[in-house]
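Please read the report below alongside the sequence and the model.

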Amino acid sequence: MIQAENLTRKASAQHQEDPSVAGNARLTGATGAVLLLLFCVEVATVVIGVKGMLTLHVMIGLLLVPPLLVKISSVSWRFLRYYRRNEAYRRRGTPPTVLRILGPLLLLATIVLFVSGITLLLAPSAFGGPRGTMYSIHAGSFVVFLVLVLAHVIGHARDLRRLAAKDWLRRSRAAVPGALVRQLAVLASLAAGLALALSLVGHVGTFQNTATHPHGAPHRAGAASLVLIPGKR
């Protein structure tokens with residue numbers, strides 16, 4: 001009887017998720033929830049009309065960058081540990097094949113979208129000006145990004161609901177060590193995003209001035225705003 005109980009406990013311990021794997025999943029879920037909220041606000045500025053909400057649009061777009069880097073890092077860590085044959089990560093398994101295929105495509109679309117948007121912000125006169133080649137790349141990558149991110153959210157909706165709040169609720173926070181570190185990582189990424197947005201939003205006036213006076217502006221425009229996601233022409 002005692003031997004049977006010991007075997008049951010041993011089997012249960014073997015199937016219990018490794019703390020590092022669970023912590024990685026929680027960080028990915030929490031960061032994903034933050035990104036989803038910010039993406040919804042950003043897309044809303046496009047739907048309502050970027051032209052009238054440029055300041056909010058650029059602020060949210062820049063605020064997204066550090067949390068995105070945290071999410072990419074956490075997912076990449078899981079990917080590397082799995083393919084380096086770490087037993088704990090291999091026990092957890094991988095997402096469905098479709099999501100594994102969509103993942104790299106979403107990453108590529110995200111990089112193109114944000115690099116083109118920041119390029120438009122910092123160098124509006126380059127690549128044909130505010131409505132030139134870089135704008136076309138930015139607009140096209142946004143459409144691709146939106147389709148892929150919708151598929152990504154739908155595919156991971158269950159994990160998002162299950163994991164996003166685990167480190168922030170008292171009843172579940174202590175179950176996996178490192179909750180405070182993961183909380184600080186999320187909060188620090190938001191603080192870094194806010195600092196980035198405040199430091200670069202002043203360039204929006206230059207973009208707007210260049211768009212209004214493509215052949216040379218007679219005066220400097222005041223600080224206004226630009227786009228990290230395309231708006232109406």
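## A buried arginine and its partner

R182 counts as buried, because its relative accessibility is 10%, where buried means under 20% relative accessible area, exposed means over 50%, and partly exposed lies in between (1.4 Å probe, protein chains only). The accessible areas themselves come from the Shrake-Rupley method with a 1.4 Å probe, and for residues only the protein chains shown count as cover. R182 forms a salt bridge with D167, and the closest N and O atoms of this pair are 2.5 Å apart; the term salt bridge stands for a side-chain nitrogen of Lys or Arg within 4 Å of a carboxyl oxygen of Asp or Glu. Because D167 lies in the loop between α8 and α9 while R182 lies in helix α10 (residues 179-200), the pair ties together parts that are 15 residues apart in sequence. Helices (H or I, at least four residues) and strands (E, at least two) are DSSP runs, numbered from the N terminus.

The model is a predicted one, in which local features need pLDDT of at least 70 and side-chain atom pairs count only at pLDDT 80 or more, whereas totals for chains, interfaces and linings use all residues. Residues are numbered from 1 along each chain as its sequence is written, and side-chain values use heavy atoms, with hydrogens and water left out.

Which residues do salt bridges that share partners join into one network? The network consists of R26, D167 and R182. Within it, the side chains of R26 and D167 meet in a salt bridge with an N to O distance of 2.9 Å. This pair links distant parts of the chain, since R26 belongs to helix α2 (residues 19-48) and D167 to the loop between α8 (157-163) and α9 (170-173), the two being 141 residues apart. R26 is buried at 7% relative accessibility, and D167 is likewise buried, with a relative accessible area of 2%.

A search of the whole structure finds three salt bridges. One of them joins R162 and D159, whose closest N and O atoms are 3.2 Å apart. R162 and D159 are three residues apart in helix α8, and are therefore separated by about one helical turn. R162 counts as partly exposed at 41% relative accessibility, and D159 also counts as partly exposed, at 31%.

## Overall fold

The secondary structure of the protein comes to 11 helices and zero strands. Of the 233 residues in the protein, 39% are buried. Contact means heavy atoms within 4.5 Å, and among contacts between residues at least 6 apart in sequence, 73% join residues at least 24 apart. The accessible surface of the protein comes to about 13500 Å², and carbon and sulfur atoms account for 66% of it.

## Helices α6 and α7

Two packed helices are described by the angle between their axes and the distance between the axes. In this model, the axes of α6 and helix α7 (residues 133-155) come within 8 Å and cross at roughly 145°; axes are lines fitted to C-alpha atoms, for helices over the stretch in contact, and angles run from 0 to 180 degrees between N-to-C directions. The crossing of α6 and α7 is left-handed, a word used if the near helix is turned anticlockwise from the far one by less than a right angle, with right-handed used if clockwise. By class, the contact of α6 with α7 has 17 nonpolar, eight polar and no charged residues, where Ala, Val, Leu, Ile, Met, Phe, Trp, Tyr, Cys and Pro count as nonpolar, Asp, Glu, Lys and Arg as charged, and the others, Gly among them, as polar.

V112 lies in helix α6 (residues 97-122) and is partly exposed, with a relative accessible area of 29%. Leaving aside neighbours within four places in sequence, V112 is in contact with I137 and S141, and its C-alpha atom is separated by 7.3 Å from that of H138, 26 residues apart along the chain. T110, also placed in helix α6, is buried with a relative accessible area of 7%, and with the neighbours within four places in sequence left aside, T110 is in contact with L68 and F145.

## A positive phi in a loop

Most residues other than glycine have a negative phi, and most peptide bonds are trans. R85 has a positive phi of about 65° although it is not a glycine. R85 is placed in the loop between α4 (65-83) and α5 (87-92), and is exposed, with a relative accessible area of 61%.
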